[in-house]
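Here is a short report on selected features of two chains. Please read it alongside the sequence and the 3D view.

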Amino acid sequence: MFAHAAIVNGRSVEEYLSSGAVAADCQIEAHARYGYDAVFAVLDLTLEVGAVGGEIQSRPGLYPTVLRAPYSPDDDFTRLPIPDPTSAGRMPSVLEMAGRLRAALGDHALVVSLVQGPMTLAVQLLGMEKALYLAADEPDRFLQLLDYATAVSKTFGLAQLATGAHVVLVFEPAACPEVVPLGLFREMIGPRLSALFAAFKRTGAMGSWLHIAGRCAPILPRYAALGAHIGNFDYCVDPQELLSALGESRLCVDGNVKPLSFVTDGPADIEREAHRLLQIFDGRGGFILSSGCEIPPESREANVAALVRAAKAWKRPAP
Amino acid sequence: MPSDLDSLVQALTEGERERSQGIVADLVGGGVSPFEIITGGVERAMAALDKKCTAEQFNLLEIMLAGRAVMAVIRQLFPEDAALPSPRASVVVAVLQGDIHDIGKAILKILLAGNRFRVIDCGRDTPVARVVAAVADSGSAAVCVSGLISSVIPQVQGLKPALARAGMGHVHVLAGGAALKQCAAATLNVDYVGQTAFDAVAYLSSAVESCHPEH
């Protein structure tokens, strides 16, 4: 949950995005209101690309988006500067947010920070089409771009851990098998995700969380070997099939209520879906009930409450 | 020994742009008409990709590489879009106001062009009124809108009524993209919601066939 934490507290998305302090207050208040288990030191998904000069477009009531990528395929990716999270763009606001959340909540709630995954940031740095064509046409230079993106995300993630985050969520939707072939994930993206998770672990992160939206079932069982402790699965992944595919893996998984259901459906629908998921994973454990992706800002408050209620009720021992 | 058209289908589906263009040059030099190359090569390649998508082996990179090869061949054969042979129908594509993510639209454009649809691209962050005007100007049979973020849904819901008010209630409205494909067609007030761009092409092909069986 990102900007929904603002909406539910009578604040605007703009207020949430403009200040790490305000965003932290919104997260704290939403946590108190709903009673879930984790807060997110997250503003939006353009922090890294904005910090290296990408043109970011802001519009009322919406998350900012990348209007113009900062680099071109002709750039020398081995010579690009790594932004300093304490001063570059809006990164300092996120550090402030992580620090405030940890100071306010201590270890009573998980403070989750977020960085872009190497592939997703590479796509933001060049634009989707140019990045994918570079991967196909000049794989060696694409690897240089991935290495640069990894270094940016690693530096940002370590700074968030240093200021209070418990875990780092690596947001990597562009690595989904719907976007890139499995071989490219295995050979190019996987090693860089491993490097990220290892760096976070060395710095004392409680864990690492890999979030790849879309049909991620073919790669999700590999997450643990990459060093991830939690893996998200989106609404389009069949939880029963995932359960079978996980086998003996110790990976904790989170998912997968359809995000738009929080906007369009009712509390009974959410509870029904939550119960179905809890039932499926009841024997395995290692499951976090959540939305398949972000809970949209315009979600109905009663729907979010229904999700939390379902989880808490499930924890009670049977009479 | 595969025919040259079979070789073209293979080169296109493998995303081999330069090899595809070389085969096309040989075909044209050997007297094969551009129309035959489109129907016997490009459209067959599109059908092969569609089959691959149906088998859940779809990934964007492979589709983009194939699409790049297809567009290179189409430009090689028909330097002007208007010269496309016997377009099956005109289709307006757009990302509506409030959303600027247009990779889905880009993919759809390629698939539509490869299947002999004339495409009118209204761009991204586009007001509904501009889409309605484009449909009127082009006489399009359908509008395809792609949306990555849920906040664009009200715009999508307003598209069909806006077309009806302009006397174009018969125009098919299709939706797709990460946010929109989570909704039912009735929720979005559209005729069809595609899980992939191939779904949209299949729906349009069927709709066009039922209106113009001679195609």
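## Basis

This is a predicted model: local features need pLDDT of at least 70, side-chain atom pairs count only at pLDDT 80 or more, and totals for chains, interfaces and linings use all residues. Residues are numbered from 1 along each chain as its sequence is written, with chains lettered from A and ligands numbered from 1 in the order in which they are written.

## Helix H5 of chain A

Helix H5 spans residues 91-105 of chain A. Helices (H or I, at least four residues) and strands (E, at least two) are DSSP runs, numbered from the N terminus.

Buried means 20 or more other C-beta atoms within 10 Å of the residue's own; exposed means 12 or fewer, and partly exposed lies in between, with C-beta atoms placed from the backbone. Just after H5(A), Gly106(A) has a positive phi of about 55°.

## Chain B

Chain B has 10 helices and five strands. Of its 215 residues, 50% are buried. Its C-alpha atoms fill a box of roughly 55 × 35 × 25 Å along the principal axes.

## Backbone details

Arg116(B) is not a glycine, yet its phi is positive, about 65°. Arg116(B) is buried, with 22 other C-beta atoms within 10 Å. Asn189(B), also not a glycine, has a positive phi of about 60°. Asn189(B) is partly exposed, with 16 C-beta neighbours inside 10 Å.

Notes: The expected span of a helix is 1.5 Å times one less than its number of residues.
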